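Please have a look at it first, and then we can go through a few local features together.

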Amino acid sequence: MTALAGGDVALPADIQWSDLAFISEYVLAIALVITLVGIVLLRRLAGRSVALMVTIVVAVSVVTSMAGVGVIAYRMVGTPSVRDDILDLMAIAGLAGLVVALFVGRRLIKASRALSTAVQGVGDSGVYVAPQLTLPAELAELSEGLAAAHERLAQARSRERALEASRRELVAWVSHDLRTPLAGLRAMAEALEDQVVVDPREVSQYHSQIRREVDRLTLMIDDLFELSRIHAGALRLSKRMVGLEDLVAEVVASAEPVARHKGVRLTGAAVRGMPVFIDSAEMGRALRNLVTNAIRHTPSDGGVDVLAEVQSGMACVSVSDACGGIPPGDLPRVFDVAFRGESARTPGPQEGAGLGLSIARGIVEAHSGQIAVRNAGPGCQFLIRLPLARPGVPAINRTVPRRHAAGGPPPAGPDQPRPDQPRAITTR
């Protein structure tokens, strides 16, 4: 062993530092040249097969190793025959590496072609079928990503088809619902213009009927405008903190004349202290649509109940009617545009275009809420769930008052309900 002067590093006796320097310099130079050649080849063949690129990478490694061994053999091994044997062994090892590289390249080509075929098959069958062969981890992850993307696209296409069908149905319904009152308006206007009707009482009746039809058309156009804003994502909400119990009281009070005219018993109850961050005008419209729809489909001897309470940390408003229930097959379509649950397209004199429930759903969902319907009791129950405002923030409006019989004093003392109990609103 030859030791460095004053150092701890020692070399075998037959190896000199000059040999190491010679080998390092030549191997480094050869490696740099081969690496540059490999990089140039990979850049020029960037659009070619992956198998070719893998072969180039392996070839660069093999040639660099053979050159390094050749330099070592030339410097350290004395006889030419021994050097030739070493180079032959390196050539055999390099050939084995190239064979393995070709095998890996063929597997990559086969996997990529299978993946490409699966993607192209989507255009024919509309369904992405993952390749059956075992894919490398990266390609398997890509295949899973393609499957997930295709599933999302399929759902988007399904929603688009449903929306398009809903739009076509809306056009058919609205065109019919507009033609019917317009035809009546034209007939009455012509009768008045041609003086076919001259009796003052009949003229007054015609004027009243024209006014009612105009009001109904105005409501229908308002609904169409609101629905178009919802579908276009152009619904602008002016949210503020309100007490949901006050909103329920206002809606029940506004629907009282309609219920009384039809002979329907309308009751409402709400607990105190339900602050919600909503657009009170829009949410009031959604709730009125539900209550009006319930009154319309409830017989004159039935009742409609509106209840607002807290369930599972959410503000919940339920509207229950006595309509006799909805066929199970129609429940998923209740909130569809222009759905009336009947085969006849001609609405009654007080009915709209079948847009009220669709508008209610759009408004509730715009408030990050949920709306649902189910059959319950003598009819069905619509349920709105809204997020409560942050705890500790009081509601702006008053709590729902109890409605009393005419002339009766308000309850006081021990009869006064607690804040967490429903306070009743009843109209008969």
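Helix axes here are lines fitted to C-alpha atoms over the stretch in contact, and angles run from 0 to 180 degrees between N-to-C directions. Helices (H or I, at least four residues) and strands (E, at least two) are DSSP runs, numbered from the N terminus. This is a predicted model, in which local features need pLDDT of at least 70 and side-chain atom pairs count only at pLDDT 80 or more, while totals for chains, interfaces and linings use all residues. Residues are numbered from 1 along each chain as its sequence is written, and side-chain values use heavy atoms, with hydrogens and water left out.

**A helix pair**

Let us begin with helix H7 (residues 280–297) and helix H8 (residues 356–366), whose axes come within 9 Å and cross at roughly 145 degrees. The crossing of H7 past H8 is left-handed, a label given if the near helix is turned anticlockwise from the far one by less than a right angle (clockwise would be right-handed). On the H7 side, the contact (heavy atoms within 4.5 Å) is made by Glu282, Met283, Arg285, Ala286, Asn289, Leu290 and Asn293. H8 contributes Gly356, Leu357, Ile359, Ala360, Ile363 and Val364. By residue class, the contact of H7 with H8 divides into 8 nonpolar, 3 polar and 2 charged residues. Ala, Val, Leu, Ile, Met, Phe, Trp, Tyr, Cys and Pro count as nonpolar, Asp, Glu, Lys and Arg as charged, and the others, Gly among them, as polar.

**Cysteines and rings**

How many disulfides does the structure hold? The structure has 0 of them, a disulfide being a pair of cysteine sulfur atoms within 2.5 Å. The sulfur of Cys323 has its closest cysteine sulfur in Cys380, at 3.5 Å, which is too far for a bond.

The aromatic count is 1 pair; rings of Phe, Tyr and Trp (its six-membered ring) pair if their centres lie within 6.5 Å, with planes under 30 degrees apart counted as stacked, over 60 as edge-to-face and the rest as tilted. The ring centres of Phe335 and Phe382 are 5.9 Å apart and their planes are at 85 degrees, so this pair is edge-to-face. Phe335 sits in the loop between strand E7 (314–320) and H8, and Phe382 in strand E9 (residues 379–387), so the pair ties together parts that are 47 residues apart in sequence.

**Accessibility at a glance**

In the table, buried means under 20% relative accessible area, exposed over 50%, and partly exposed in between (1.4 Å probe, protein chains only).

| Residue | Relative accessible area | Class |
|---|---|---|
| Cys323 | 24% | partly exposed |
| Cys380 | 2% | buried |
| Phe335 | 7% | buried |
| Phe382 | 1% | buried |
| Gln195 | 59% | exposed |
| Ser312 | 73% | exposed |
| Thr64 | 22% | partly exposed |

**Backbone and a threonine**

Which phi value does Gln195 have? Its phi is near 60 degrees, a positive value in a residue other than glycine, and Gln195 lies in the loop between helix H4 (137–193) and helix H5 (200–231). Ser312, not a glycine either, has a positive phi of about 55 degrees and is found in the loop between strand E6 (303–311) and E7.

Finally, Thr64 belongs to helix H2 (residues 50–76). Leaving aside residues up to four places away in sequence, Thr64 touches Ala31 and Ile34.
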